[in-house]
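Q: Please take a close look at one part of this model, the place where two chains meet. Keep it brisk.

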Amino acid sequence: MEFFLIKLVLVLIVFLVSLGVAAYSTYAERKIAAFLQDRVGPDRAGPFGILQPLADGLKMFMKEEIIPTHADKFLFILGPCIMMMTASMTGVIIPWGHGLEINGTFYPVQITDINIGILYVFGVVSIGVYGIMIGGWASNNKYSLMGAIRASSQMISYELAMGMAIIALIMTTGTLSVREIVEQQHGIHWNIFTQPLGVIIFIICAFAECNRTPFDLPECETELVGGYHTEYSSMKLGFYLFAEYINMFISSAIISSLYFGGYNFPFIDQLGLSPNMLSMLGTLIFFGKIFFFIFFFMWVRWTIPRFRYDQLMHLGWRVMIPLAIVNILGTGVYVLFKNGQLHF
Amino acid sequence: MNSTTNEIIKEKEYTTLNLGPTHPATHGIFQNVMKMDGELIVEAEPTIGYIHRAFEKLAERRPFSQITPITDRMNYCSSPINNMGWHMTAEKLAGIEIPKRVQYLRVIIMELSRIADHIICNSVIGVDSGAMTGFLYVFQWREDIYEIFEELCGARLTTNIGRIGGLERDFSQKAWLKIERLLKDLPGGLKEFENLLVRNRIFMDRTIKCGPISADRALAYGFTGPNLRAAGVDYDVRVMNPYSSYQDFDFIVPIGTNGDTYDRFMVRENEMWQSMSIIKQAMEKLDRLDDKTSFHAEVPEYFLPEKDEVYNTMEGLIWHFKIIMGETQMPKGEVYHSVEGGNGELGFYLVSDGGRTPYRLHFRRPCFIYYQAYPEMVKGAFLSDAILTMSSMNVIAGELDA
């Protein structure tokens with residue numbers, strides 16, 4: 001019973017935190033865009049516009065809900081639901097911190113540690129494509145359909161390279177559990193040092209998976225009006241936009257846990273703090289890393305133009321995948337060498 | 001193919017995509033009906049006339065001085081050039097000699113508006129390729145240029161600047177200060193914008209070989225201006241047929257080689273630097289002129305007298321009345337005058353039968369000509385290319401439809 005209660009609380013906290021971070025990512029995006037473009041950004045709602053996400057959310061709720069007559073009503077509603085659901089499901093396996101020891105019991109700050117955690121993330125993210133595809137198809141609009149086709153082909157192509165980058169990572173770590181991968185990176189033994197190429201491939205693919213610039217073709221406003229969500233209004237549009245920000249948050253969390261040590265930080269043993277203190281500090285540092293990557297996502301978005309469809313496919317299939325294969329081979333040689341099975 | 005197989009020949013089906021009339025990328029109201037094979041364009045069919053306002057017919061009913069506001073609304077990104085072009089046409093018909101100082105002042109105004117026009121076009125190429133930031137960087141300088149226009153004539157976008165016979169007033173001290181400040185600040189801002197895009201790998205991949213047109217085809221269509229120069233033909237009205245004393249200035253006519261979007265972008269980018277140098281030269285020349293005050297030719301029949309004269313002299317009152325009521329007669333004749341507009345050769349073909357209004361006035365609008373080549377330029381290209389081609393040709397709906 002107690003176990004369920006704790007898990008329930010944890011689920012609620014993780015869900016609310018991802019919603020909160022996603023909401024404030026929209027604010028951060030606008031403020032960072034303003035900073036990069038010499039503007040002020042939103043500053044009307046509350047001090048420094050801090051209440052802007054609430055105002056936006058309220059606006060989304062109050063808007064008239066329009067379902068086009070030619071749209072398939074059921075699928076039209078299903079699209080954003082799938083998108084939102086898959087976005088909030090991925091947070092489950094992320095270890096937010098080492099864990100707290102209270103009265104002799106150890107409570108890990110993670111909803112569940114599945115031993116195939118990474119595969120779970122991939123599975124759930126792949127379902128996310130259906131949200132876009134169904135939404136774009138059900139809208140019965142050519143622009144939506146084109147956006148949906150772009151989104152699905154892009155996400156499927158980049159998932160391959162992403163998976164291959166992960167294979168190389170698993171070869172060095174020997175586990176699929178995200179918690180174990182993070183634990184192995186104790187101190188400064190981060191995976192970025194053993195997988196430099198893998199990090200680059202993984203981050204680029206994460207950009208493509210999140211549909212962020214330079215891979216924001218599915219919704220590029222100058223070509224496809226609004227892309228797959230052209231016909232959406234009110235909170236269903238809000239769900240699509242919101243899911244994108246949750247995805248960005250989760251991607252940042254996964255990048256930092258897989259390659260940048262998660263809640264580990266240098267000189268963790270030399271500080272001489274109690275394990276609980278270290279754990280809490282680790283969580284803070286983990287969030288710091290996540291926010292850095294969210295900032296990175298935004299920084300890139302407001303700096304460079306986007307690719308064309310064929311260039312995107314070219315990059316995915318003819319650059320990223322061969323690079324990922326080379327990375328796997330290189331990692332194989334490295335692992336053999338490390339285990340002493342390879343002699344020069 | 002084995003002839004015994006029983007095959008069903010099915011004709012390939014294409015999607016028809018309506019790009020416009022209200023699409024975020026068309027920057028104005030015009031429609032393209034595109035036959036699409038997935039992302040590829042098989043055929044494009046442009047439709048025009050969504051904001052046709054019958055300017056040429058309107059001009060037949062208006063006195064000469066009242067045609068200036070019409071020209072504002074053609075290429076509204078660089079309306080001062082349109083205004084000046086029209087004034088020069090009317091002056092050519094009436095045989096008015098314009099003082100050197102006024103000609104140089106006009107050159108300054110025209111080059112400022114050329115910079116404003118190119119700023120819009122180039123930054124919008126950035127926006128359409130997904131780089132929003134550069135757009136906001138350079139729009140600040142466009143704002144500064146509009147502030148100068150505001151100082152010169154009171155208006156910003158549809159300027160209605162100048163009059164037949166000169167300018168309505170001299171440059172104020174504040175205007176000179178603003179121009180000097182712009183010349184000081186703009187190079188830095190433009191450099192920043194160029195750093196963002198010119199050697200950006202993604203931007204180059206997107207724009208090089210995107211919507212190209214050969215010099216032959218461009219000439220056959222009647223291209224002029226930056227779009228023709230990007231294709232490699234060094235035709236510039238300012239050099240070929242100088243007006244308003246452009247022959248006194250020393251500047252380079254930048255040309256491209258492939259006539260693609262990148263070349264058009266770079267030609268415009270370089271023209272902005274040349275325009276800055278022309279403005280500097282004009283300011284130096286003005287300093288060396290003995291004439292420090294004239295801002296119009298002495299033509300009382302066309303140029304509105306000062307208010308003081310109107311109230312205190314009979315001739316002033318008569319001229320004022322005649323000009324305001326549009327009762328001044330223009331000489332009989334037929335003239336063609338063209339200026340290098342922001343977009344290309346902006347021509348005015350004017351036939352006058354000696355009455356108070358033109359008998360016929362035709363505007364040679366470069367956008368109208370560019371848009372005819374559009375289907376050929378985007379055939380077989382991607383949808384994204386089509387958008388970039390359109391924005392790099394700088395097709396302005398107001399000028400297209402007139």
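How many residue pairs are in polar contact across the interface of chain B and chain A, counting pairs with both residues at pLDDT 80 or more?

A: The rule finds 10 such residue pairs in polar contact across the interface of chain B and chain A. Both residues of each pair are at pLDDT 80 or more. This is a predicted model, so treat every value here as computed from predicted coordinates.

Start with the side of chain B that touches chain A. The elements of chain B that give two or more residues to that side are one strand, β1 (15–19), and the helices α4 (100–128), α5 (132–153), α6 (173–197), α7 (201–207) and α15 (383–393). β1(B) gives the most, with 5 residues. By residue class, this side of chain B divides into 17 nonpolar, 11 polar and 5 charged.

Now both sides together. Chain B brings 33 residues to the contact, and chain A brings 24 residues. The area buried between the two chains is about 2500 Å². Carbon and sulfur atoms give 58% of that area.

Next, the charged pairs. The rule finds 2 salt bridges across the interface of chain B and chain A. One of them joins B:Asp385 to A:Arg308. The closest N and O atoms of this pair are 2.9 Å apart. Side chains of opposite charge can pair when their charged atoms come close. Over all chains, a search of the whole structure finds 32 salt bridges.

Another salt bridge has both partners in chain B: the side chains of B:Lys12 and B:Asp37 meet at 2.9 Å, N to O. This pair links distant parts of the chain, 25 residues apart. B:Lys12 lies in the segment before β1 of chain B, and B:Asp37 lies in strand β2 (residues 31–37) of chain B.

Chain B also holds a hairpin, formed by β5(B) and β6(B). Strand β5 (residues 345–353) and strand β6 (residues 360–364) run antiparallel, joined by 5 bridges. B:Gly347 has B:Arg364 in β6(B) as its bridge partner. There are 6 residues between the two strands, and B:Gly354 in the turn has a positive phi of about 90 degrees.

Last, confidence. The model scores ipTM 0.83 and pTM 0.87. For chain B the mean pLDDT is 87, and 98% of its residues reach 70 or more. Where pLDDT is low, the predicted coordinates should not be read in detail.

Key
Residues are numbered from 1 along each chain as its sequence is written. Chains are lettered from A and ligands numbered from 1 in the order in which they are written. Side-chain values use heavy atoms; hydrogens and water are left out. Contact means heavy atoms within 4.5 Å. Buried area is the accessible area (1.4 Å probe) that two parts lose on being put together, summed over both. A salt bridge is a side-chain nitrogen of Lys or Arg within 4 Å of a carboxyl oxygen of Asp or Glu. A polar contact is a pair of N or O atoms within 3.5 Å; within protein, one must be able to donate a hydrogen and the other to accept it, and residues adjacent in sequence count only if both atoms are side-chain atoms. Helices (H or I, at least four residues) and strands (E, at least two) are DSSP runs, numbered from the N terminus. Ala, Val, Leu, Ile, Met, Phe, Trp, Tyr, Cys and Pro count as nonpolar, Asp, Glu, Lys and Arg as charged, and the others, Gly among them, as polar. pLDDT is the predictor's confidence in each residue, from 0 to 100. Two strands pair if DSSP finds at least two bridges between them.
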